2 protein chains.
Amino acid sequence: MARGRPRKVDTKDALQSVMVAFWQNGYAGTSMNDLSDVSGMAKPGLYAAFGDKEALFEKALLHYFETYGGPVFAQLQAAGKHVIEDFRDFLGAIADLTLDRNTPSGCFLVNAIVDCTYGSERHQEVVNGLRESRFAAIRERLIKAVAAGEMSVDTDIDRAATFLDGQFSAIAMLGRSGISEPDLKTFIETGLRALPVSEPDRVFDGLDLSTPTLRQ
Amino acid sequence: MARGRPRKVDTKDALQSVMVAFWQNGYAGTSMNDLSDVSGMAKPGLYAAFGDKEALFEKALLHYFETYGGPVFAQLQAAGKHVIEDFRDFLGAIADLTLDRNTPSGCFLVNAIVDCTYGSERHQEVVNGLRESRFAAIRERLIKAVAAGEMSVDTDIDRAATFLDGQFSAIAMLGRSGISEPDLKTFIETGLRALPVSEPDRVFDGLDLSTPTLRQ
DNA sequence: CTGCATGTTGAACGAACTGCAAAAAAATAC
DNA sequence: GTATTTTTTTGCAGTTCGTTCAACATGCAG
């Protein structure tokens, strides 16, 4: 049984609130007082549960990745439609997350990349690790596409992965800037056309795009 | 003649140093003591010359735009080669700036967009104004391209401008993440292939790319 | 009930923060 | 030389920062 005084707020709930605050306001822009307010935990409780501010930020970032990034990347790995459709779903899920009104706009990880230049050594390592996980997930899906014959065996995988990785960041930045959802979906569609698929007509034609297609 | 005690450091030089500090560390991550140290001006001098911290940040951001953004956008407006070549130069100039080792990595404006969500009202207005200037410059060059027959009259200008605007942000984020210069140039080349030009062969063929082209 | 383990609370610490006022320094004007 | 003007320097209010300690509250075990 649980000994001692019971917790007022669940640790996971507190971490969720902390994550939102860091996501919204950045590391230096969020004080421990702010975190105590939004989480409902007193400051000594935060220190006891998570450690100091840096450790708390790292745990919030990892919680973000598990809660939001994890499902999206798992979906990409398990995806079995055409590679273009799968990346459309993938980037679309990122867009939905970016624009979700229940959470701050943009992507916490992208914000952290901007932040991390002046963070601690450990902070940078965590951010770089997540960034590499993101890249690796994209890369693996592309390798499967080559194996499935959806892309040529001559395809430069790293080039395509870097391009998609960049679209990921762009989506987060456009979302942070307040772009509309249709415009963001159109942005994704435009980017997908730069990918070297073997049968472009099959995956691009017949789409119900709100704007004319670019390729002519 | 100049009366009174002469300034130890020129105001523009101080603003340049301040800009670099904000660019590197963000608004909340940079203290007035830091700014006093890097600029060589004592704190009362900073307040006398620029106002409070928020005003100083705005002046630093505008200085950034005049010093770095201005020339790049002026070059885009004055550009007279094919639209694809002009945007290759434009995005390439952004990439060079992003990777320049004499200044912090990334783009100060992009960093400020991440920062500005929790900034003052005025702060947000300044950032949005610069973002709209950026978009407008891209848009104007596309309109000229349609007039010159390089793009179809049916082209969705806003769609193409949003796409290029997103590539701009992506370049800044990839640069902040530490991408190599060849990879960043390849990223640009990949994105350009999503643009709907009338004579793709003329502008894409014969290029000395380090990787195979994507379109097949 | 009495221990004990855990959580919460209020207070407080030293340090760093923004912003400013008064004094000292360095130049010109007379 | 002295007076004046402008900037630097020094130091300091008042607040907030991250962090911790001692006291109090609330549960189970015996």
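A residue counts as buried if 20 or more other C-beta atoms lie within 10 Å of its own, as exposed if 12 or fewer do, and as partly exposed in between, with C-beta atoms placed from the backbone. The model is predicted: local features need pLDDT of at least 70, side-chain atom pairs count only at pLDDT 80 or more, and totals for chains, interfaces and linings use all residues. Residues are numbered from 1 along each chain as its sequence is written, and chains are lettered from A and ligands numbered from 1 in the order in which they are written.

A:Asp183 is partly exposed because 14 other C-beta atoms lie within 10 Å. A:Asp183 sits in helix H9 (residues 181–192) of chain A. Helices are DSSP runs of H or I with at least four residues, numbered from the N terminus. A:Leu97 is 86 residues away from A:Asp183 in sequence and 15 Å away in space, C-alpha to C-alpha.

Chains A and B touch. Contact requires C-beta atoms, placed from the backbone, within 7 Å. Chain A gives 42 residues and chain B gives 43. On the chain A side, helices H1 (11–25), H6 (108–115), H8 (157–177) and H9 each give two or more residues. H8(A) has the largest share, eleven residues. This side has 15 nonpolar (Ala, Val, Leu, Ile, Met, Phe, Trp, Tyr, Cys, Pro), nine charged (Asp, Glu, Lys, Arg) and 18 polar residues (the others, Gly among them).

DNA strand D is surrounded by 25 residues. Near means a C-beta atom, placed from the backbone, within 6 Å. The closest residues are A:Ser31, B:Gly4, B:Arg5, B:Ala42 and B:Gly45. By class, this surface has ten nonpolar, five polar and ten charged residues.

Note on methods
Contact = placed C-beta atoms within 7 Å.
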